[in-house]
Amino acid sequence: QASQEELKAAYRRLCMLYHPDKHRDPELKTQAERLFNLVHQAYEVLSDPQTRAIYDIYGRRGLEMEGWEVVERKRTPAEIREEFERLQREREERRLQQRTNPKGTISVGIDATDLFDRYEEEYEDVPGSSFPQIEINKMHISQSIEAPLTSTDTAILSGNLSTQNGNGGGSINLALRRVTSAKGWGELEFGAGDLQGPLFGLKIFRNLTPRCFITTNCALQFSSRGIRPGLTTVLARNLDKNTMGYLQWRWGIQSAMNTSIVRDTKTSHFTMALQLGIPHSFVMVSYQHKFQDEDQTRVKGSVKAGFFGTIVEYGAERKISRHSVLGATVSVGVPQGVSLKIKLNRASQTYFFPVHLTDQLLPSAVFYATVGPLVVYFAMHRLVIRPYLRAQKERELEKQRESTASDILQKKQEAEAAVRLMQESVRRIIEAEEARMGLIVVNAWYGKFVNDNSRKNEKVKVIDVTVPLQCLVKDSKLILTEASKAGLPGFYDPCVGEEKSLKVLYQFRGVLHQVMAADNEALRIPKQSHRIYADG
């Protein structure tokens with residue numbers, strides 16, 4: 001956001017600092033020439049509105065791209081930005097042709113009722129009967145991929161396979177979706193399976209107002225018993241910033257009317273629903289609390305009661321890696337019994353393991369379903385997940401350091417040369433500041449600081465930036481903007497990919513002050529809040 005006058009002032013100041021004619025030492029003169037040329041190149045880019053707009057949008061790589069010579073010189077920065085965004089949209093459309101957006105679910109149902117509900121007398125004479133029998137009684141696999149045909153048309157291919165107690169089947173579906181306008185889209189669906197006949201469906205979505213939309217889904221299912229039509233309509237409305245209200249009407253094999261209210265905030269998610277239908281009618285209330293921690297921990301609970309009985313569920317989920325979320329839910333119901341549901345979301349893939357523990361309400365089953373997953377998770381997190389993530393982070397940092405090693409070395413050499421060239425200017429600045437009892441930087445360090453005892457084994461990686469900071473002092477003030485300080489004259493990145501801070505000990509009006517700022521945090525000194533008060 002710097003003005004042309006500010007750019008000129010900074011350019012003149014750096015030219016005076018790095019001008020080769022001001023240095024007699026051959027080595028310093030050579031270093032000054034290199035830095036002077038870099039300053040001149042930067043000023044040529046930033047002083048031209050066109051090249052500055054390109055740099056602001058795309059960085060240094062944008063200046064190296066071919067094709068900008070065809071952009072008219074008379075275009076304003078706003079027009080250049082618009083042209084760039086248009087070219088970016090075209091690239092996105094080309095990338096769409098290669099994007100499939102795969103999504104999948106694998107569900108494995110496990111029958112573990114033999115752990116808690118056994119008939120001992122029936123198995124006394126059977127070999128191996130002393131061990132509980134745990135069986136996989138059902139499985140379900142589904143997968144879908146998207147293939148963008150144009151910027152408005154998308155083809156979606158999906159399929160699924162299911163088996164339960166030795167019987168199974170599958171189906172395949174093809175959907176064609178078209179975005180008709182900014183307010184809606186339509187979708188045609190065709191399907192077939194070995195258990196059901198052909199399926200034809202039509203789905204329509206439409207924004208009625210900025211706060212209300214409707215979705216309608218019509219389907220015709222062909223089977224040996226004839227044609228079975230179905231219709232589902234959902235009307236939704238924003239009740240306030242965080243709350244949605246839904247009305248659903250379903251007509252067909254399982255006709256029902258459903259109304260629900262969903263409130264989703266930064267810290268919680270609440271749902272209340274009521275359904276009247278055939279064969280199931282129920283009322284359901286659920287609540288989820290979102291902790292604002294690094295692992296995005298969530299705890300949840302729900303109560304559902306209806307003609308089928310009553311079910312109480314509680315559980316938690318937590319992020320275990322960059323793309324993976326692990327969750328566990330305990331379900332206690334009458335007459336359903338006790339179940340443990342484990343779910344792992346890995347990117348766009350979901351792995352679901354429902355474990356049925358008992359058909360009765362046994363306290364022992366509820367206890368082990370609750371405590372067991374917690375013990376296993378904390379043991380796995382300490383012994384496997386945490387060491388794995390730490391090793392993965394170290395590998396990524398090492399890879400990043402290797403890829404930027406030559407650039408960092410060059411930046412380090414330039415920074416060291418700049419510090420040597422700044423010595424004379426800094427001496428004059430300090431003399432002027434001392435005469436007016438102004439701002440004098442006593443010590444300044446930049447890099448990675450370790451203050452937490454839990455990280456005491458980590459190595460401190462800092463560089464001394466006292467001279468570069470003092471050189472930036474003007475009229476007893478030092479102002480740094482919201483940007484990485486590694487780009488300042490005399491600075492470089494001492495720890496690539498790690499969190500960095502700037503720690504400054506300075507003197508103003510004869511009194512010591514101290515401040516620590518994050519790498520991208522703006523800093524303005526002197527300030528009264530930085531003052532160091534002597535004890536007593």
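A salt bridge is a side-chain nitrogen of Lys or Arg within 4 Å of a carboxyl oxygen of Asp or Glu. In this predicted model, Arg318 and Asp295 meet that description, with their closest N and O atoms 3.1 Å apart. The pair ties together distant parts of the chain, since Arg318 belongs to strand β14 (residues 309-319) while Asp295 lies in the loop between β12 (282-290) and β13 (298-306), 23 residues apart. Arg318 is partly exposed, at 24% relative accessibility, and Asp295 is likewise partly exposed, with a relative accessible area of 24%.

Glu313 forms a salt bridge with Lys341, and here the closest N and O atoms are 2.9 Å apart. This pair also connects distant parts of the chain: Glu313 is in strand β14, Lys341 is in strand β16 (residues 337-346), and 28 residues separate them. Glu313 has a relative accessible area of 22% and is partly exposed; Lys341, at 26%, is partly exposed as well. These two pairs are among the 14 salt bridges found in a search of the whole structure.

A further pair consists of Arg436 and Glu433, whose closest N and O atoms are 3.8 Å apart. The surroundings of its two partners can be described in turn. Arg436 is partly exposed, with a relative accessible area of 46%, whereas Glu433 is buried, with a relative accessible area of 3%. Salt bridges that share partners also join Glu424, Arg427, Arg428 and Glu431 into one network.

A straight helix of 73 residues would span 108 Å at 1.5 Å a residue, yet α5 spans only 81 Å between its end C-alpha atoms. The helix bends by about 60° at Thr404. After α5 comes Met437, which has a positive phi, near 55°.

Attention can now turn to a glycine in a strand. Gly191 is found in strand β5 (residues 184-193) and is buried, with a relative accessible area of 12%. Leaving aside neighbours within four places in sequence, Gly191 is in contact with Ile172, Asn173, Gly197, Pro198 and Leu199. The C-alpha atoms of Gly191 and Leu157 are separated by 9.8 Å, and these residues are 34 apart along the chain.

A disulfide is a covalent bond between the sulfur atoms of two cysteines, and a search of the whole structure finds zero of them. Cys218 is partly exposed, with a relative accessible area of 33%, while Cys471 counts as buried at 8% relative accessibility.

Finally, some totals give a view of the whole chain. Its secondary structure comes to six helices and 23 strands. Of the 536 residues in the chain, 30% are buried. Among contacts between residues at least 6 apart in sequence, 41% join residues at least 24 apart. The accessible surface of the chain comes to about 34300 Å², and carbon and sulfur atoms account for 56% of this area.

Definitions and conventions:
Residues numbered from 1 in each chain as written. Predicted model: local features only at pLDDT ≥ 70, side-chain atom pairs only at ≥ 80, totals over all residues. Heavy atoms only, no water. Disulfide = S-S within 2.5 Å. Buried < 20%, exposed > 50% of the residue type's maximum accessible area, 1.4 Å probe, protein only. Helix = DSSP H or I, 4+ residues; strand = E, 2+ residues; numbered from the N terminus. Expected span 1.5 Å × (residues − 1). Bend = angle between axes of the 7 residues up to and from the residue. Contact = heavy atoms within 4.5 Å. Areas by Shrake-Rupley, 256 points an atom, 1.4 Å probe, with all protein chains shown as cover.
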